[in-house]
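Please open the model in your viewer and keep the selection panel at hand. The stops below follow one another, and each begins with something to select.

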Amino acid sequence: MSLEVVAMLSKVIFESERGDFLVAEFIDALSAKAFRVSGKIQVSQKADAKQRYRIIGQWENSPKYGQTFVAIYSEPTRPAELSGIAPYLANNVKGVGEVTAKKLVDKLLVKNIDDLVTICRDEKEKIFAFFGEKKRKVAENVITMMVTDEVFRNVMIFLHEHNIPPRFAKKIYEKYGAASLTNLMENPYRLIADFRQVGFLRADAIAQKLGLPTTSPFRIEAAFIYALEIAQDEGHCCLPRDQLVDKARDLLGGKFDPTFSREYVLEQLRLIYKKNREEKKETFLIRETAKFKSLQEKSVQEILFYLPEVLRMEDEVSGFIQSLLRTPSFFEHKENDIVQNEKSLQELFPNLPWDKLSQEQHSAVQMSLSSRFMVLTGGPGCGKTFVLKAIYGLQRALNRRVALCAPTGLAAKRMTASIGEQASTLHKLLGLGRKNKDETQNVIEELEGNTGALDNVDVVIIDESSMLSLDLLHSLLSVLGPNRRLILVGDVDQLPSVGAGNCLRDIISSGQAPIARLTQIFRQSSESPIPLAAREIISGKKPEYSYISRIPTFPRAEPLAFIPCSQQTFFEMLLPFLAETVKNIYDLDPIKNCQILVPMRRTDVGQENINKIMQSQLNPPSENKKECSLPYGGILREGDKVIQTKNNYELDVFNGDLGYCKTIVKTKEKLEATIEFSDRLVTYADEEIDDLQLCYSMTVHKSQGSEFPLCIIPMFGVYFTMLDRNLLYTAITRASKFVIIIGEDWAVKKAIGSQNAIKRHTFLDGLLLGTDNQTEI
């Protein structure tokens, strides 16, 4: 059980670099005895021995500090007298001095602390007006400090006692208000549906402590919802009924409890769905595929279950695309000449490289002339970039305003370099993702587009479109409108998006959109076997390596080589290869020009451990190199190769951007790290550094949209569940010159023989083909 103490701060014993963890000595207000407190403690910015703190937590025995009070929540106690309000604000609100605090109290004419709380809660505009727009953040700090009340504290304690992260307290409090605890105790499973970030096991543990029966309808419904959430995390938009029943049954304990037989769970699904439909409540929705023309002639017809927001997005994406396809093109005079065969493209646009285009490439460029919506697809070496450059030139020659973009920062930078014109991330183009993900309830709220984002755009061209998730494509199409043009460019054989959906593949397989498919290989065909190897892999055949070596030293720079080794001897092969062969034979920098691409993050040969080993070998600690801690026990050191893991619009850096740590500066006030990206230096401060990760090694998924001179691809049986044909294909096609596969030959065969990554439960292709009548819910 949690306890509460009131105490004064005596001294700080330890404070983490970011101030997110503190060990301090306090003096108990009642007994006057000193004791130690640890945790995320909110202490005054300015020293004040009179300031009392209310600390909630529990006693634990720390091996380092002995008997310690571990805090889960703390706050400065509020003054009882008017004269104490100004010092209280000055001590506890960042950016407020005592003079400013006294002026605020006088301006608002408050008589006690309760008056200030009421104004902060019900008349926030007075606080914002006092501080002005330039100090809006300070005003927000004052409001946050004052409106925290007893319900919020109780929610914090409740979550702590049930092992739920404290970060949920604010969201729970904002959603349920004064009824927070009542709602949680009545139905803790509501956390799953309402916040989509609380696991079923956590909610289940709370329910068991509260005495809810295992057959509670709340619990069974939560199992269905959570099964759909997990499916969405795995890339699916929906689940067939039988799969949903099986997954929910596993969550409910059906393997061990005969109560939850398959028949029982299926019947509960029917009852819950019927009840929700009668009450007009939406926790999950269905799509009956038998009602669609595309599946009426097939023997297998299913009922698909969706989370409500995902079903709506899939419906709307289909509608947006169909609207583009139905909208007639209004030709300008040059286009009319071509359509009516009066003039050729070469005559009208003599500055484009027509003589260098093959027949299929020429057709692709011509298709872009009048199509409202089209797809350009093809494997490595087929000239997609060359065609894309010609399409861009054609659109500009027609005086159309073109936006070049890609799903990630890496892909956008690569597009900029290859086209010679500035490209941006799709998120930046649309103004998406500016909200903190932790503050959003679902994907629709997170990706609310700006309806004016494309006001000055006639054509949107998206490269690496295989990475388009359903929610990102929905965000684009919702602001595109039917009168603009959209060109999707991508390799459909690469891995699909990390997020839910398989949009590019679904659009192509529907057969409803104009598709320009490039098949003839040009790039690297004479000097490199990589494009041919990629084509063999995607066809299910093992490629011919140009070189196989059982030692890490090569006599020459081989473009496609295999080094057989076990998981145990992996680093014995890798480290000498990087230090000697890469540097001396390939004449490449082992940090800047090489990238290790792995199927998964964990295991001894996963991304995290490889990064740790590579850092110790390629950038070891030194007296001349400063370093700081990263989340989850990592170290950032000057000279390290890093990757940005989240979009940061204030710094103008994006998820997937690669850089190198130049300097780290520590002061008492803050921590700064300067990162060198390809085009500029960016200074990170304090918690912004948490968005960086080491990147000597990265996952294949994360590498999509990027290109490196030399790619090293480990292949081991420990990756078993991730070994996949499309994953290996994607990894190999990230290399512009050289590919080195290190590992077990049978793991390579296993990857080529499996093709599960692209098999996702979606129905966008069926929707594009049309329906006889709308789905009834």
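This is a predicted model: local features need pLDDT of at least 70, side-chain atom pairs count only at pLDDT 80 or more; totals for chains, interfaces and linings use all residues.

Residues are numbered from 1 along each chain as its sequence is written, and side-chain values use heavy atoms, with hydrogens and water left out.

**The barrel**

Begin by selecting strands β1, β2, β3, β5 and β4, which in that order form a closed barrel of five strands with mixed pairing; two strands count as paired if DSSP finds at least two bridges between them. From one strand to the next the twist averages 50 degrees, where axes are lines fitted to C-alpha atoms (for helices over the stretch in contact) and angles run from 0 to 180 degrees between N-to-C directions.

**Salt bridges**

Side chains of opposite charge can pair when their charged atoms come close. A salt bridge is taken here as a side-chain nitrogen of Lys or Arg within 4 Å of a carboxyl oxygen of Asp or Glu, and by this rule the count comes to 28 salt bridges.

Select E4 and R54, whose side chains meet in a salt bridge at 2.8 Å, N to O. The pair links distant parts of the chain, with E4 in strand β1 (residues 3-15) and R54 in strand β4 (residues 52-62), 50 residues apart. For accessibility, buried means under 20% relative accessible area, exposed over 50%, and partly exposed in between, with a 1.4 Å probe and protein chains only. E4 is therefore partly exposed at 45% relative accessibility, whereas R54, at 13%, is buried.

R262 is partly exposed at 29%, and D242 is partly exposed at 38%.

Then select E627 and R637, whose side chains meet in a salt bridge at 2.8 Å, N to O. E627 lies in strand β18 (residues 627-629) and R637 in strand β19 (residues 635-637), ten residues apart. E627 is partly exposed at 28%, while R637 is buried at 6%.

**A buried serine**

Where does S475 lie? Select helix α22 (residues 470-480), which holds S475, a residue that is buried with a relative accessible area of 1%. A polar atom of the S475 side chain lies 2.9 Å from the backbone oxygen of D471.

**Two loop residues with positive phi**

Finally, select K280 in the loop between α13 and β7 (285-288); K280 has a positive phi of about 55 degrees although it is not a glycine, and at 77% relative accessible area K280 is exposed. N399, in the loop between α18 (384-397) and β10 (402-406), has a positive phi of about 65 degrees and is likewise not a glycine. N399 is exposed, with a relative accessible area of 66%.

Definitions and conventions: Helices (H or I, at least four residues) and strands (E, at least two) are DSSP runs, numbered from the N terminus. A polar contact is a pair of N or O atoms within 3.5 Å; within protein, one must be able to donate a hydrogen and the other to accept it, and residues adjacent in sequence count only if both atoms are side-chain atoms.
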